[in-house]
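Here is a friendly briefing to read alongside the coordinates. Load the model, and let's walk through it topic by topic.

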Amino acid sequence: MTKRTWIFGNDYMQCLDHQHGASSVDIPSAQLPDAKVVATRKRLRESVGNAEALEAMREIVSNLLGCETMCLLQLDRKGRVPWLFWSFGIDFGKHRMISALQEPVLSCIALGSTHIVRDLKAQGLKENFAKVSVFVPIRSNDQIVAVLALLQFLPQKQEIDDVDMKVFQVLSEEAGSALFGSNADAVPTIRQKHHD
Amino acid sequence: MAAKKILLVDDSKTTLLMERSMLERHTGYECVTASNGLEAIEKAQSENPDLVLMDVVMPQMNGFEACKKMREQKATREVPIILVTTRGEEAYMEAGFESGCNDYITKPINGQEFLKLLQSYLGE
């Protein structure tokens, strides 16, 4: 059997053509991304309970968006002060970055939509942590109740594309209900999960 | 002619949903699923797939081990196996090819490139 290695990226199509000749596949690229959007919506809607919703969100961010370092900051009822609700892939004690997230989180809330931040390091982090970070407002009952922060993308994830933006939108619309149900205003027990 | 069958193996429900949605919407391939390496070996024996698309990091048995086992068994020795993982490090890729996979691709998947790759193995 022929063994080949392809990492999806700019060189991929050349590699494919070299191995197999011109491909006969002709699918409009605009139709393909729907699968990620469909899977995101379905997975969140099928999640039962807070724990499964968090796992669904982690899977979506990791597998569909290419980011394994993330946290969810919930907002308090009045002051809109973000506090850590859950995290994955982050040692906050080590990075001491929660304060550095305050500004982009508040910007995301003010913007009311997905907020992309270039070079979070330049905004106060000492660690070389993220070239691109994404902050997604999580809504429930038409209010922003939390912000999902995607802090470090995988090396092979080179850009945020249109499909990603659609997935962010679905996360924004659907994750709040999946995570908090109708009790989005209630302050839940602190949940933190650290994985290095 | 019977539809070509793909065995999708991943412990992530999200990934299985996405792959299945993509394949059912844009191809005529039949999909069967497994959620870990052990189940994948069983399904590969019972379902006789034309191609296996398998995650690496999974509970009970990872994708490398499952790939090796499939290569040891007569029924699955020649079945194309594509490993799909978030891990793009060279050491992981080498381990993947040592385990006997045909291809090793990284998540997140690009839909069009993904379908072209599958069709390069399976045809229309």
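Of the 124 residues of chain B, 48% count as buried. Please keep in mind that this is a predicted model.

**Overall build of chain B**

- Chain B contains five helices and five strands, and along the sequence they follow the pattern β-α-β-α-β-α-β-α-β-α.
- The radius of gyration of chain B is 13 Å, close to the 14 Å that the globule rule gives for 124 residues, so chain B is as compact as a globular protein of that length.
- Looking at contacts in chain B between residues at least 6 apart in sequence, 60% of them join residues at least 24 apart.

- Is strand 4 of chain B, residues 81-85, mostly covered or uncovered? It is mostly covered, with five of its five residues buried.
- The cover reaches both faces of strand 4 of chain B: Ile81(B), Leu83(B) and Thr85(B) are buried on one side, and Ile82(B) and Val84(B) are buried on the other.
- Strand 3 of chain B (residues 51-55) pairs with strand 4 of chain B in the parallel sense, over four bridges; in this pairing, Leu83(B) is the bridge partner of Met54(B).
- Together with helix 3 of chain B (residues 63-72), strands 3 and 4 of chain B make a right-handed β-α-β unit.
- Strand 5 of chain B (residues 103-106) also runs parallel to strand 4 of chain B, and four bridges join them; here Thr85(B) has Thr106(B) as its bridge partner.
- From strand 4 of chain B, the chain crosses through helix 4 of chain B (residues 90-98) to strand 5 of chain B, and this β-α-β crossover is right-handed.

**Met54(B) and the nonpolar core**

- Which residues have the most contacts inside the largest nonpolar core? They are Val147(A), Leu148(A), Ala149(A) and Met54(B), in a core of 81 residues.
- Leaving aside residues up to four places away in sequence, Met54(B) touches Val9(B), Ala40(B), Gly63(B), Ala66(B), Cys67(B), Ile81(B), Leu83(B) and Val84(B).

**Helix 2 of chain B**

- Within helix 2 of chain B (residues 37-47), the buried residues include Gly37(B), Ala40(B), Ile41(B) and Ala44(B).
- Why do these residues sit on the same side of helix 2 of chain B? They cover an arc of only 100° around the axis, which puts them there.
- Glu42(B) and Ser46(B) are exposed, on the face of helix 2 of chain B turned away from its buried side.
- Strand 1 (5-9), strand 2 (30-34), strand 3 and helix 3 of chain B are among the elements that cover the buried residues of helix 2 of chain B.
- Just after helix 2 of chain B, Asn48(B) takes a positive phi of about 50°.

**A stop in chain A**

- In strand 2 of chain A (residues 82-88), five of the seven residues are buried, so this strand is largely enclosed by the rest of the structure.
- Strand 1 of chain A (residues 67-75) and strand 2 of chain A run antiparallel and are joined by six bridges; Trp83(A) in strand 2 of chain A is the bridge partner of Gln74(A).

Key
Residues numbered from 1 in each chain as written. Chains lettered and ligands numbered in written order. Predicted model: local features only at pLDDT ≥ 70, side-chain atom pairs only at ≥ 80, totals over all residues. Buried ≥ 20, exposed ≤ 12 C-beta atoms within 10 Å, placed from the backbone. Helix = DSSP H or I, 4+ residues; strand = E, 2+ residues; numbered from the N terminus. Pairing = 2+ DSSP bridges. Right-handed = clockwise from strand over helix to strand, strands pointing away. Core = buried A, V, L, I, M, F, W, Y, C linked by C-beta atoms within 7 Å. Contact = placed C-beta atoms within 7 Å. Arc of directions from axis to C-beta. Rg over C-alpha atoms; globule rule 2.2 N^0.38 Å.
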